[in-house]
Amino acid sequence: MPQTAFMQAVTPEPPAPKKTTFWSQLRASLAMFSNPKSAAGLIILGVFVLVAIFAPLLAPYDPEAQNLKETLQPPSLTHLLGTTHIGQDVFSQLVYGTRGVLVVGFLATIMATVVAIVVGVTAGYLRGWKSESLSALSNVFLVIPGLPLMIIVASQFQDPPLPLIAAVLGLTGWAWGARVLRAQTMSLRNRDFIQAARANGEPLHRVILVEMLPNLLAIIASSFVGTMTAAVLGLTTLAFIGVIPVSNLNWGTILFWAQQNNAFPDYWWWYVPAGLCIALLGVSLALINFGIDEYVNPRLRSAGERARAMKRKGMNVNAAVTQVRTTTTAASAAATPESTA
């Protein structure tokens, strides 16, 4: 047998490369949420979601039920977070208010994110006057003030529904994400893998969905988190100043009634829990955002991995240099008598 034929018979054929699909790239991109910061933020956010879903089971009382015999009662076993000026249970209002906050927050964020993806990716992929027109549209919506617009819209309705409030918040919150996505898409459209997909005759929808969007997923997730933070703060602010009717129960309306009935500072159980919930939800979204930033930024990712490795070895991250110098000095001092002897 000739040597060439023998080598061909012995050498195994290389495995066929796996075909890249949208779902495979999506699974790889979701690795950003394995970061400890993102995981902690998702756990906190998941707790709020569960509270909103199972609010009727968790709330011991009807949030609107009044009991004039138990007004302004401090926290007790009967009322875990006390009562209001008309005997309403604060804990029940807080639980049901979580549902209003998350419904508006998620609706507004989903609307804003979808518009940002469509406008931003389209403006980044296209060229010429079409791209510039979509960029100018983003700039116009970027400077539209959300609070005055919400006041004008709310004044036209006696009881504006939550989807309408979410639509206004989403309408004024998509422009910044679209600008970021446009800039990133413009940098991706000239990459080798995009040019190769075009040369292979891939249809436009597959180039965008399979090749581009998975590479933009981290930026989309970061924009989603930032938009939801702004939507939640916008909703609670509008409720606190009385723009949103008090019938739409959320954490902002709890603070509104506490402020209207002079609960500050004596009746702390009326306003502190709602403020803590707003802060805790903001912390969870910030942790998710920090985790995404650490995943996207190679410097932050390597620094975080190095810090976690040092902690597993029992080393103090902030005093790492001092520890190494101290150990070296001690080793030199122990070796000096032996060398002298």
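Author: Let's start with helix H11 (residues 204–240) and helix H12, whose axes come within 7 Å and cross at roughly 30°. That makes H11 roughly parallel to H12, since angles under 35 degrees count as roughly parallel, over 145 as roughly antiparallel, 65 to 115 as roughly perpendicular and the rest as oblique. The axes here are lines fitted to C-alpha atoms, for helices over the stretch in contact, with angles running from 0 to 180 degrees between N-to-C directions. As for the helices themselves, they are DSSP runs (H or I, at least four residues; strands are E, at least two), numbered from the N terminus.

On the H11 side, the contact is made by Thr 236, Ala 239 and Phe 240, and on the H12 side by Gly 252, Thr 253, Leu 255, Phe 256 and Gln 259. Contact means heavy atoms within 4.5 Å. Sorted by class, the residues here come to four nonpolar, four polar and no charged. In that sorting, Ala, Val, Leu, Ile, Met, Phe, Trp, Tyr, Cys and Pro count as nonpolar, Asp, Glu, Lys and Arg as charged, and the others, Gly among them, as polar.

A word on the ground rules: this is a predicted model, where local features need pLDDT of at least 70 and side-chain atom pairs count only at pLDDT 80 or more, while totals for chains, interfaces and linings use all residues. Residues are numbered from 1 along each chain as its sequence is written, and side-chain values use heavy atoms, with hydrogens and water left out.

Now follow the chain out of H12. The loop between H12 and H13 holds Asn 262, whose phi is near 55°, a positive value in a residue other than glycine. Most residues other than glycine have a negative phi, and most peptide bonds are trans. Asn 262 counts as exposed at 58% relative accessibility (buried means under 20% relative accessible area, exposed over 50%, partly exposed in between, with a 1.4 Å probe and protein chains only). The loop between helix H12 (251–260) and helix H13 (268–296) also has Pro 265 in it, and the peptide bond from Phe 264 to Pro 265 is cis, with omega near -5°.

Leu 72 has a positive phi too, near 55°. You'll find Leu 72 in the loop between helix H4 (55–58) and helix H5 (90–125), partly exposed with a relative accessible area of 25%.

On to H5, then. Thr 109 lies in H5 and is buried, at 0% relative accessibility. Leaving out residues up to four places away in sequence, Thr 109 touches Phe 224, Thr 227, Met 228 and Ala 231.

H5 also packs with helix H6 (residues 129–142), at an angle of about 145° and with the axes 8 Å apart. H5 passes H6 in a left-handed crossing. Here Val 119, Thr 122 and Ala 123 in H5 meet Ser 131, Leu 134 and Ser 138 in H6, which divide into three nonpolar, three polar and no charged.

Last stop: a salt bridge joins the side chains of Arg 182 and Glu 132 (3.7 Å, N to O). The rule asks for a side-chain nitrogen of Lys or Arg within 4 Å of a carboxyl oxygen of Asp or Glu, and the count comes to one. Arg 182 is in helix H9 (residues 175–188) and Glu 132 in helix H6, 50 residues apart, so the pair links distant parts of the chain. At 17% relative accessibility, Arg 182 counts as buried.

Key: Left-handed = near helix turned anticlockwise from the far one by under 90°.
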